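Please look over the sequence and the structure shown below before reading on. The report that follows goes through the main features in turn.

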Amino acid sequence: MAVALRETNFELPGQIGKPYHGKVGDVYTVEHEAGEVLAVVRTDRVSAFDVVLHEPVLCKGQVLNQMSAELLASTKTTAPNWLIESPDPNVSVGFKAKPFKVEMIARGFLLGTSWRGYKGGMRDLCGNHLPDGMVEFQAFDVPLLTPTSKADAGHDENITPSQIVENGLATSGEYEEMSHFALSLFAEGQAKAGERGLVLADTKYEFGRLATGQLIVIDEVHTPDSSRYFPLDEYNAYLGGQTTERPEQLSKEFIREWLVSQGFSGEEGQVPPHMTEEFREQISARYIDLYQRMLGRRFEATSDTNQAAQLSRIRENMVDCLGRLTFA
């Protein structure tokens, strides 16, 4: 039976400094003859509202890593990305890039924070004008880009394209390039989801620039952590008025909804509630369900029986990959 992966603290050959522990990923910078590379371990930590929750969720990191690795590989002709190889179910290795402090959020529907803002009277969303009379779950005529500034600490903030340029977060040319890649990837992701009986409602992309100057996609794409999915038939039935049952959330959004129902929304001074074992099992089941639907195959959890075996497996696979890594 798999065991939850909370954190890693390896020392790898060629490693530069200590690992960076993000909300979900443990990031190792490794010196290589062709330049610095990143080895990212996807853990089972859960974050919401920019806060890491108390309990990990079994298999979450494996789902994220394997989904993203496969979808990055299949979309690299649409937008170049950082991934070189995924040598372990929880690990991806790729090129190190200087990140832009901007998240490019592509939205196909009025949902989540955009819907909450709209209900409160907001009609300008990151430079996009929204008409009166829209309803939750309604599709936009064309997908919108609603970028946010990526905060080093605290919450990300909505930002307009002109503010991105004015604040020096990217040049106008860089923003246009990121916009093109983001919308192209979103269109491809929506098409793939539709083929699998799903709706890809919105997602976020992050970008960086290599030492060569090339702009690339970094981090993950189209995972349940970075995206919002629904079953297509449930979405159509709800929006068409055939049912009052809201479509099932196959993403992290239902975790946020649960936290809000418990009185937690990430405000300063708030402490997140503990997740019950039953709720953590629900999270794991939904992540695995989405994996199987999107990739069209059965999910096979790792077979580690204890933490020591798990960490040994991950480290050995990382060291092996880094030792034989070459670039074309």
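Which residues are linked in a network of salt bridges? In this predicted model, the network joins Arg42, Glu103, Lys204, Glu206, Asp219 and Glu220.

## An open sheet and its helices

Five strands make up an open sheet with antiparallel pairing, and their order across it is β1-β2-β3-β7-β6. At the edges stand β1 (20-21) and β6 (83-88), each of which pairs on one side only. Within the sheet, strand β2 (residues 25-30) is joined to strand β3 (residues 37-42) in the antiparallel sense over six bridges, and Val30 is placed opposite Val37 of β3.

Two helices are to be considered together with these strands. Helix α1 (residues 60-74) packs on the sheet, where it touches β3, β6 and β7 (91-95), and its direction makes about 145° with that of β6. Helix α8 (residues 307-324) lies across β2, β3, β6 and β7, and runs at about 140° to β6.

## Nonpolar cores

The largest nonpolar core holds 62 residues, and Phe207 and Ile255 are those with the most contacts inside it. At least two residues of this core come from each of β3, α1, β8, α4 (172-195), β14 (198-209), β15 (215-218), α6 and α7 (277-295), with α7 giving the largest share, eight residues. When neighbours within four places in sequence are left aside, Ile255 is in contact with Val46, Leu53, Phe279, Ile283 and Tyr287. Apart from this core lies another, of 15 residues, which includes Phe10, Val91, Val93 and Met318.

Ile218, which has its place in strand β15, counts as buried because its relative accessibility is 14%, the cut-off for that class being under 20%. Although Ile218 and Trp82 are 136 residues apart in sequence, their C-alpha atoms are 5.4 Å apart in space. Trp82 is also among the contacts of Ile218 beyond four places in sequence, together with Ala97, Pro99, Glu206, Phe207 and Gly208.

## The enclosed strand β16

How many residues of β16 are buried? Five of the five are, so this strand is largely enclosed by the rest of the structure. In a regular strand, side chains alternate between the two faces of the sheet. In β16, Ser227, Tyr229 and Pro231 point one way while Arg228 and Phe230 point the other way, and all of them are buried.

Strand β16 pairs with β14 in the antiparallel sense over five bridges, and Arg228 in β16 is the bridge partner of Asp202.

## Helices α2 and α6

In helix α2 (residues 112-119), the buried residues are Gly112, Ser114, Trp115 and Tyr118. They lie on the same side of α2, because the arc that they cover around the axis is only 155°. Their packing partners are β8 (98-109), β9 (124-125), β16 (227-231) and α6 (253-261). Just after α2 comes Gly121, with a positive phi of about 105°.

Helix α6 has Glu253, Phe254, Ile255, Trp258 and Leu259 as buried residues, and the buried residues of this helix pack against β4 (47-48), α2, β16 and α7. Just after α6, Gly263 takes a positive phi of about 85°.

## Salt bridges

Side chains of opposite charge can pair when their charged atoms come close. The structure holds 25 salt bridges. In one of them, Asp88 and Arg313 have their closest N and O atoms 2.9 Å apart; since Asp88 is in strand β6 and Arg313 in helix α8, the pair ties together parts that are 225 residues apart in sequence. Asp88 is buried, with a relative accessible area of 2%, and Arg313 also counts as buried, at 17% relative accessibility.

Other salt bridges are found within single helices. Glu253 and Arg256 meet through their side chains at 2.8 Å, N to O, and, being three residues apart in helix α6, they are separated by about one helical turn. Of this pair, Glu253 counts as buried at 6% relative accessibility, whereas Arg256 is partly exposed, with a relative accessible area of 23%. In helix α7, Arg293 and Asp289 are four residues apart, about one turn of the helix, and the closest N and O atoms of their salt bridge are 3.1 Å apart. Arg293 counts as partly exposed at 29% relative accessibility, and Asp289 counts as partly exposed at 23%.

Notes. Residues numbered from 1 in each chain as written. Predicted model: local features only at pLDDT ≥ 70, side-chain atom pairs only at ≥ 80, totals over all residues. Heavy atoms only, no water. Pairing = 2+ DSSP bridges. Contact = heavy atoms within 4.5 Å. Axes fitted to C-alpha atoms, helices over the stretch in contact; angles between N-to-C directions. Buried < 20%, exposed > 50% of the residue type's maximum accessible area, 1.4 Å probe, protein only. Arc of directions from axis to C-beta. Core = buried A, V, L, I, M, F, W, Y, C linked by side-chain atoms within 4.5 Å. Salt bridge = Lys/Arg side-chain N within 4 Å of Asp/Glu carboxyl O.
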